[in-house]
Amino acid sequence: GHGSSDTLPCLGGGSAADAEAVFVEALEGWRETLGIARMVLVGHALGSYVAACYALKYPVHAEKVVLFSPIGMGGAGEEE
């Protein structure tokens, strides 16, 4: 929650793009394992970022995306 957690071993000190890929691909693997064709993704905070990244990469599997308190995404009129 506040950045003081240990680094996940699967991230291994990689880049932000590496971490994003780990989470997005874990979600895709879970979807494939369960045989879910399309799903509604609901994310909060970092989960919102992961849900949005997943939907951008796998739009055919994301029926709807709901984001609560998304982080890491610029708002309207914000510079990136």
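# Around His 61

Trainee: Where does His 61 lie?

Mentor: This is a predicted model, with residues numbered from 1 along each chain as its sequence is written. Local features need pLDDT of at least 70, side-chain atom pairs count only at pLDDT 80 or more, and totals for chains, interfaces and linings use all residues; side-chain values use heavy atoms, with hydrogens and water left out. Helices (H or I, at least four residues) and strands (E, at least two) are DSSP runs, numbered from the N terminus. On that basis, His 61 sits in the loop between helix 2 and strand 2.

Trainee: Is His 61 buried or exposed?

Mentor: Buried means under 20% relative accessible area, exposed means over 50%, and partly exposed is in between (1.4 Å probe, protein chains only). His 61 has a relative accessible area of 16%, so the label is buried.

Trainee: Which residues is His 61 in contact with, leaving aside neighbours within four places in sequence?

Mentor: Contact means heavy atoms within 4.5 Å. Once the sequence neighbours are set aside, the partners of His 61 are Glu 28, Arg 31, Ala 37, Arg 38, Met 39 and Tyr 54.

Trainee: What pattern does the protein chain follow, read along the sequence?

Mentor: There are two helices and two strands in the protein chain. Along the sequence, their order gives α-β-α-β.

Trainee: What does Glu 28 contact, leaving aside neighbours within four places in sequence?

Mentor: Glu 28 belongs to helix 1, residues 16–34. Its relative accessibility is 5%, so Glu 28 counts as buried. Beyond its sequence neighbours, Glu 28 is in contact with Tyr 54, Tyr 58 and His 61.

Trainee: How far apart are the closest N and O atoms in the salt bridge of Arg 31 with Glu 28?

Mentor: A salt bridge puts a side-chain nitrogen of Lys or Arg within 4 Å of a carboxyl oxygen of Asp or Glu. Arg 31 and Glu 28 are three residues apart in helix 1, so about one helical turn separates them. Arg 31 is buried too, at 8% relative accessible area. The closest N and O atoms of this pair are separated by 2.8 Å.

Trainee: How many salt bridges does the count come to?

Mentor: Side chains of opposite charge can pair when their charged atoms come close. Besides the Arg 31 and Glu 28 pair, the side chains of Glu 25 and Lys 57 meet at 2.7 Å, N to O. By the rule, the count is two.

Trainee: How many residues apart in sequence are the parts that Glu 25 and Lys 57 tie together?

Mentor: Glu 25 is partly exposed, with a relative accessible area of 32%. Glu 25 lies in helix 1 and Lys 57 in helix 2 (residues 46–57), so the pair joins parts whose separation in residues is 32.

Trainee: What is the angle between the planes of the aromatic pair Tyr 54 and Tyr 58?

Mentor: Rings of Phe, Tyr and Trp (its six-membered ring) pair if their centres lie within 6.5 Å; planes under 30 degrees apart count as stacked, over 60 as edge-to-face and the rest as tilted. A search of the whole structure finds one such pair. Tyr 54 is buried at 0% relative accessible area, and Tyr 58 is buried at 17%. Their rings are 5.0 Å apart centre to centre and count as tilted, with a plane angle of 35°.

Trainee: Which residues does Trp 30 touch, not counting those up to four places away in sequence?

Mentor: Trp 30 is in helix 1. At 45% relative accessibility, Trp 30 counts as partly exposed. Away from its sequence neighbours, Trp 30 touches Ile 36 and Met 39.

Trainee: What separates the C-alpha atoms of Gly 47 and Ile 71?

Mentor: Gly 47 has its place in helix 2 and is partly exposed, at 30% relative accessibility. Ile 71 is 24 residues from Gly 47 along the chain, yet the C-alpha separation is 8.7 Å.

Trainee: Which elements give two or more residues to the nonpolar patch?

Mentor: Patches take residues with over 30% relative accessible area and no salt bridge; like charges are joined within 9 Å, nonpolar side chains (Val, Leu, Ile, Met, Phe, Trp, Tyr) within 5 Å. Here Val 40, Val 42, Val 66 and Phe 68 make up the patch, with about 340 Å² of accessible area together. The contributing elements are strand 1 (39–44) and strand 2 (62–68).

Methods:
Areas by Shrake-Rupley, 256 points an atom, 1.4 Å probe, with all protein chains shown as cover.
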